[in-house]
There are 2 protein chains.
Amino acid sequence: MKKTPPIREPKADKASVRRHNLSLVLRTVHDAGETTRAAVAARVGLTRAAVSSLVEQLMEQGFLVESGKTFSGQAGRPGTVLKPAGTGPAGLGVEINVDYVSVCVVDLAGTDRVRVAEPLDNRAAEPAEVLARAAGLAAKALRSAAERELRPTGVRLALPGLVSYGTVQQAPNLGWNRVPADKLFGEALAGRWPGQAELPVTSDNEANAAALAELWFGALGDVRSFLYLTGEIGVGGAIVVDGELLRGAHGFAGEIGHLPVDADGPLCRCGSRGCLEQYAGQSALLRAAGAAGVEELARAADAGEPRAVAAVEEAGRMLGLALSGAVNLLDPEAVVLGGIYPRLMPRLGPAVDAELARRVVSGLWTPAAGRLRPASPATPASRGAAAFVMRQVLDDPLAYTP
Amino acid sequence: MKKTPPIREPKADKASVRRHNLSLVLRTVHDAGETTRAAVAARVGLTRAAVSSLVEQLMEQGFLVESGKTFSGQAGRPGTVLKPAGTGPAGLGVEINVDYVSVCVVDLAGTDRVRVAEPLDNRAAEPAEVLARAAGLAAKALRSAAERELRPTGVRLALPGLVSYGTVQQAPNLGWNRVPADKLFGEALAGRWPGQAELPVTSDNEANAAALAELWFGALGDVRSFLYLTGEIGVGGAIVVDGELLRGAHGFAGEIGHLPVDADGPLCRCGSRGCLEQYAGQSALLRAAGAAGVEELARAADAGEPRAVAAVEEAGRMLGLALSGAVNLLDPEAVVLGGIYPRLMPRLGPAVDAELARRVVSGLWTPAAGRLRPASPATPASRGAAAFVMRQVLDDPLAYTP
């Protein structure tokens with residue numbers, strides 16, 4: 001019988017243990033929001049002296065600050081309250097979607113300190129031009145961040161397509177194929193933001209970034225395994241299992257928008273037929289409703305206008321059909337609908353739930369169980385992308401010392 | 001920003017370190033098949049003396065033996081060759097499917113030492129009677145195992161349904177609902193095998209057990225993330241990610257047989273409509289082909305008999321349709337078809353691959369890439385279930401000391 005799980009026996013020398021413990025202490029303060037040295041020591045199982053030494057280094061290097069408050073715990077002397085620094089390390093997230101660009105800067109606590117967004121028809125321009133426009137918006141956000149004494153450690157792009165190794169392999173709704181987004185964006189930003197020459201740029205699928213935002217900043221409570229759908233021009237998706245993204249063998253997992261719901265349905269931009277996004281994507285939905293925009297559609301549906309109601313309910317039925325397959329496959333704790341869907345929930349939600357209740361084999365899906373949820377408004381993909389950059393700092397602060 | 005990943009700081013006292021190292025050494029010998037103390041020491045980063053002491057304990061307790069051979073490595077003295085014991089600890093796996101029961105006993109190396117199987121129409125009997133028959137077959141296997149000086153440490157059942165906490169919550173093709181399989185089987189076995197009163201019984205979904213058998217004993221090479229489908233009366237499925245089963249929030253993940261492929265298709269035993277197994281399950285396939293059994297169908301298809309070919313190709317098209325959705329969601333390295341499907345591959349495989357090539361968005365699916373594979377013949381679910389019991393021994397041998 002081959003292949004037991006990989007054997008991990010990390011060599012633990014003194015320097016690497018301290019490096020690990022710096023992250024441990026920083027993450028503990030981060031998770032608590034505000035806490036004391038004594039509480040950190042109790043939480044992580046290190047001595048009070050060791051924690052004090054680690055905290056001192058983290059304060060010197062600008063990761064932690066004392067809030068000025070003191071806290072009297074159940075035992076011992078009152079302690080000075082620590083919190084993550086609100087200046088210094090920051091993450092920059094840039095969502096480039098089909099019809100808008102959105103930029104967010106978060107601080108070490110994950111708070112979104114700068115937000116800039118612009119509607120842009122990104123189908124009408126070449127990839128390099130779209131990325132240059134996005135870099136322009138990012139530079140604007142970086143100027144605001146600098147005024148707030150925030151120093152970005154990296155940029156993460158969120159894109160509506162299959163992303164691997166810095167390249168958008170395929171983004172059907174943008175018409176992109178094999179676009180080296182990291183490189184093009186980095187070059188464009190360097191011209192617009194000379195202050196910081198070598199800001200590392202990485203990229204991810206936008207639904208992945210939105211799902212992380214929901215996990216970290218949303219209203220999911222204890223839920224750590226869920227399926228995330230985002231209704232945009234296309235329909236994106238992401239899978240979170242035990243608090244981690246399921247990325248797949250090539251980084252392409254989550255493409256629920258291209259789950260076939262009718263074998264012989266209309267041709268999709270991906271080359272297949274009858275994909276979910278041909279029924280539940282924004283374009284399909286507005287076309288079916290005869291509406292010019294999502295807000296107009298939502299108001300008409302809320303007012304009971306028959307064509308709008310029928311369009312939303314049909315999209316819900318198709319979403320429910322695709323989600324039934326996905327739920328039978330993945331058995332998630334919840335399904336979260338983001339993008340344009342939260343605004344349409346009054347009519348959309350019941351239609352989706354009805355299909356799930358009929359088709360999920362476990363019999364666990366009842367509308368009353370509340371497993372279908374709208375995404376929280378505080379969780380755009382740009383914030384998830386920015387916070388991803390901050391996670392890397394939390395995981396190894398020494399690597400980001402000024 | 002809440003919720004960094006859980007902080008794990010295990011207390012490492014001397015006894016628990018030794019306990020961990022016993023497992024580490026046992027797993028290292030297991031993975032190698034045959035190896036020496038010096039090679040183990042080099043592999044795990046412990047001293048030769050420490051490894052010798054651990055090996056001595058594992059030999060005394062019957063987990064390891066010396067093979068009698070010696071091995072001259074690149075450096076140092078020739079070493080005596082160690083291997084897992086072929087007697088002592090054993091795992092018992094029992095697959096109870098719709099039309100047969102299959103039992104397997106594996107030794108510590110994972111070798112299947114005893115196999116017993118019987119065709120049984122398990123739809124025609126009450127659950128308690130089915131489990132009692134299976135216990136009878138298991139007792140027969142246990143007698144053979146005892147003659148080979150194998151001492152089972154546990155039993156694992158593999159069942160075609162949704163299994164959680166020892167209970168079959170739902171097995172549509174058996175007609176079971178909330179059947180406490182562990183308990184009923186344990187009681188029935190105790191009466192038939194008084195030699196060992198308290199053999200712990202656990203259970204799992206049969207596709208999960210078959211997927212583990214494929215992972216551990218199949219011909220997947222380096223593939224550690226795959227989707228597994230098993231064609232039986234129903235269609236079962238399992239998802240393996242990085243060498244681990246993806247189980248889902250309630251243990252029900254993998255139910256690809258109930259992925260809807262036609263919203264308004266025929267009613268399924270699960271209560272939904274148009275589920276994959278209504279097109280690609282054994283019953284549907286034989287009905288469409290007008291064949292009495294799988295072997296008859298396979299021969300007719302091989303001979304080019306039109307009705308058989310059409311039935312297999314239509315099943316392949318529907319499998320391909322459902323799998324396209326699953327592959328778009330999960331981005332696995334491979335898809336493995338087990339149960340009745342390997343025998344039908346000459347006609348089935350191309351039909352499945354054609355749908356995948358059309359519908360998988362990444363454009364990475366080409367029939368030439370060989371990502372669709374038949375399950376290996378050496379990997380029945382009963383062997384996976386038995387080996388699962390053995391994995392528990394490898395992970396903590398001290399807990400299974402005689």
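Figure 1. Strands are DSSP runs of E with at least two residues, helices are DSSP runs of H or I with at least four residues, and both are numbered from the N terminus. Two strands count as paired if DSSP finds at least two bridges between them.

The model is predicted: local features need pLDDT of at least 70 and side-chain atom pairs count only at pLDDT 80 or more, whereas totals for chains, interfaces and linings use all residues. Residues are numbered from 1 along each chain as its sequence is written, while chains are lettered from A and ligands numbered from 1 in the order in which they are written.

**Figure 2. The hairpin of S11(B) and S12(B).** Strand S12 (residues 235–241) of chain B pairs with S11(B) in the antiparallel sense over 6 bridges. Between the two strands of this hairpin lie 3 residues. Gly237(B) in S12(B) is the residue opposite Leu229(B).

**Figure 3. The two faces of S11(B).** In strand S11 (residues 226–231) of chain B, 6 of the 6 residues are buried. A residue is buried if 20 or more other C-beta atoms, placed from the backbone, lie within 10 Å of its own, exposed if 12 or fewer do, and partly exposed in between. One side carries Phe226(B), Tyr228(B) and Thr230(B), the other Leu227(B), Leu229(B) and Gly231(B), and both faces are covered.

**Figure 4. The contact between chain A and chain B.** The same surface serves both, since 100% of the contact residues of chain A recur in chain B. Each chain contributes 57 residues, residues being in contact if their C-beta atoms, placed from the backbone, lie within 7 Å. On the side of chain A that touches chain B, H10(A) gives the most, with 7 residues. This side divides into 29 nonpolar, 18 polar and 10 charged residues. Here Ala, Val, Leu, Ile, Met, Phe, Trp, Tyr, Cys and Pro count as nonpolar, Asp, Glu, Lys and Arg as charged, and the others, Gly among them, as polar.

Conventions
Contact = placed C-beta atoms within 7 Å.
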